[in-house]
Amino acid sequence: MSAGAARSRQQGGVNERLLQAVAEQMKLPLLQIARRAELAHLSGDHSLIEGIELTADSALRLLDNYLLSTKLARVDGSLQLEPVSIAAVMNDTAHQLSRLADQYECELELHLSGRYAPVMAHRAGLEAALASLGYVFIEAQSTRPRKRRPTIKLAAHRSKNGIVAGMFADIEGLSMDMYRRGRGLYGHAKQPLTQLVSTSGAGVFVADSLLQSMATRLRLAHHQKLSGLAATFTPSNQLSLVR
Amino acid sequence: MANVLLVEPDILLGKTYMAALEIAGHQVQWRRTAQTAIRSVDAKSPDLIILELQLAMHNGIEFLYEFRSYNDWQTVPVIVLSHVQPALRAVSPMLWEQLHVVAYHYKPLTKLNDIIRSVDRVLALAI
């Protein structure tokens with residue numbers, strides 16, 4: 001078998017596992033929609049409809065993000081990256097996730113420490129990756145027992161290797177070992193990130209797939225006193241004209 | 001009216017199941033994790049438990065083993081309402097009996113009315 005054919009076969013296996021994880025994940029919003037619609041009929045409470053619409057929108061976005069990840073993974077050779085304003089992407093992502101966070105009774109905070117030069121990325125891919133990751137963190141935080149609304153941070157900071165951007169929260173048990181094990185299990189196990197979420201956590205693997213197309217990967221990272229999953233981006237060498 | 005403990009990790013589903021059971025006239029305590037469910041049982045013993053097996057951190061089977069290890073809670077009936085398909089159950093049917101699991105529902109195919117009917121049936125048998 002040629003190297004190209006072997007690579008293509010390996011990519012096919014990864015796509016199949018990702019599809020399994022996404023299909024498993026999609027059961028949750030569909031179930032939420034079905035049962036809440038049933039409850040709306042039972043109780044006559046039509047205010048539930050607004051929540052149903054939001055759930056459907058979020059599920060559609062996750063599907064779109066998955067489709068984008070497969071499209072970017074199919075690009076022959078390396079993906080054409082461009083200078084992207086990370087602050088602008090993170091602002092858009094926070095806006096996209098804010099209603100979902102509210103529905104799941106979490107606080108979503110955007111935290112950018114300072115101003116950043118543009119990074120080399122694929123704009124739509126970066127936004128899809130951060131949003132996919134955000135869904136999982138919102139779900140993870142809502143599952144945990146709490147006394148008050150938990151906070152999730154969509155944050156960026158500088159490191160010696162570049163600009164680190166990702167999702168951070170106060171989640172016990174989030175470790176590189178857990179994430180590595182999850183990466184080995186997704187698509188085969190129903191709940192590969194046991195310590196994080198009760199579902200397939202597909203958003204994490206969709207995000208990782210999107211980031212891999214941009215020549216970076218999700219890793220365990222820390223921001224202030226919080227743990228999270230984030231990727232490191234190389235600053236663009238061009239002048240910082242994009243903000 | 002019965003005192004039902006619902007162990008459901010998802011906030012939207014938890015609220016939905018709780019509302020449906022309350023409409024059916026039951027009193028519901030809803031917990032999202034195995035640990036908080038055990039603490040809750042300790043404070044107020046339920047008449048029946050509805051349990052998801054797929055929980056974050058400790059799973060539903062771990063909860064069942066711990067729960068059944070206390071003498072006071074040997075006979076409280078448990079209805080499993082789970083994303084895990086019945087064919088994929090990680091425990092043998094005989095062990096389900098030992099753990100006093102009285103009904104098993106596959107969540108995606110179980111409507112709210114099915115849950116309410118199942119709860120009523122189990123409570124009628126328990127009397």
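## Strands of chain B

Leu6(B) faces Trp30(B), a residue of strand 2 of chain B. The model is predicted, and this pair belongs to a parallel pairing: strand 1 (residues 3–7) of chain B and strand 2 (residues 27–31) of chain B are joined by 5 bridges. Strand 1 of chain B also pairs with strand 3 (residues 48–51) of chain B, again in the parallel sense, through 4 bridges.

Strand 1 of chain B is mostly covered, with 4 of its 5 residues buried. Together with helix 1 of chain B and strand 2 of chain B, strand 1 of chain B forms a β-α-β unit, and the unit is right-handed.

## Contact between the chains

How many residues of chain B are in contact with chain A? The contact involves 22 residues of chain B and 24 residues of chain A. On the chain B side, the largest contribution comes from helix 1 (residues 11–23), which gives 7 residues. By residue class, the side of chain B that touches chain A has 13 nonpolar, 5 polar and 4 charged residues.

## Overall form of chain A

Chain A contains 6 helices and 7 strands. Their order along the sequence is α-α-β-α-β-β-α-β-β-α-α-β-β. The C-alpha trace of chain A spans about 60 × 50 × 30 Å along its principal axes.

The radius of gyration of chain A is 18 Å, and a compact globule of 243 residues would have one near 18 Å, so the two agree. Buried residues account for 44% of the 243 residues in chain A. Of the contacts in chain A with a separation of 6 or more, 75% are between residues 24 or more positions apart.

## The sheet of chain A and its helices

In chain A, 5 strands make up an open sheet with mixed pairing, in the order 2-4-5-7-6. Strand 2 (107–112) and strand 6 (219–223) of chain A are the edge strands, each pairing on one side only. On average, neighbouring strands of this sheet are turned by 30° against each other, direction ignored.

Within the sheet, strand 5 (residues 162–169) and strand 7 (residues 226–233) of chain A run antiparallel and are joined by 7 bridges. Gly166(A) stands opposite Ala230(A), which lies in strand 7 of chain A. Helix 4 (residues 123–143) of chain A packs on the sheet and touches strand 4, strand 5 and strand 7 of chain A, with its direction at about 30° to that of strand 5 of chain A. Helix 3 (residues 86–103) of chain A lies across strand 2, strand 4 (151–159), strand 5 and strand 7 of chain A, and runs at about 175° to strand 2 of chain A.

Ala131(A) is part of helix 4 of chain A. Why does Ala131(A) count as buried? Burial requires 20 or more other C-beta atoms within 10 Å, and Ala131(A) is buried because it has 27.

Leaving out residues up to four places away in sequence, Ala131(A) touches Arg61(A), Asn65(A), Thr93(A), Gln96(A) and Leu97(A). Lys153(A) lies 22 residues from Ala131(A) in sequence, and the C-alpha to C-alpha distance of this pair is 12 Å.

Methods:
Residues are numbered from 1 along each chain as its sequence is written. Chains are lettered from A and ligands numbered from 1 in the order in which they are written. This is a predicted model: local features need pLDDT of at least 70, side-chain atom pairs count only at pLDDT 80 or more; totals for chains, interfaces and linings use all residues. Two residues are in contact if their C-beta atoms, placed from the backbone, lie within 7 Å. Helices (H or I, at least four residues) and strands (E, at least two) are DSSP runs, numbered from the N terminus. Ala, Val, Leu, Ile, Met, Phe, Trp, Tyr, Cys and Pro count as nonpolar, Asp, Glu, Lys and Arg as charged, and the others, Gly among them, as polar. Two strands pair if DSSP finds at least two bridges between them. Axes are lines fitted to C-alpha atoms, for helices over the stretch in contact, and angles run from 0 to 180 degrees between N-to-C directions. A residue is buried if 20 or more other C-beta atoms lie within 10 Å of its own, exposed if 12 or fewer, and partly exposed in between; C-beta atoms are placed from the backbone. The radius of gyration is taken over C-alpha atoms; the globule rule is 2.2 Å times the number of residues to the power 0.38. A crossover is right-handed if, with the strands pointing away from the viewer, the path from the first strand over the helix to the second runs clockwise.
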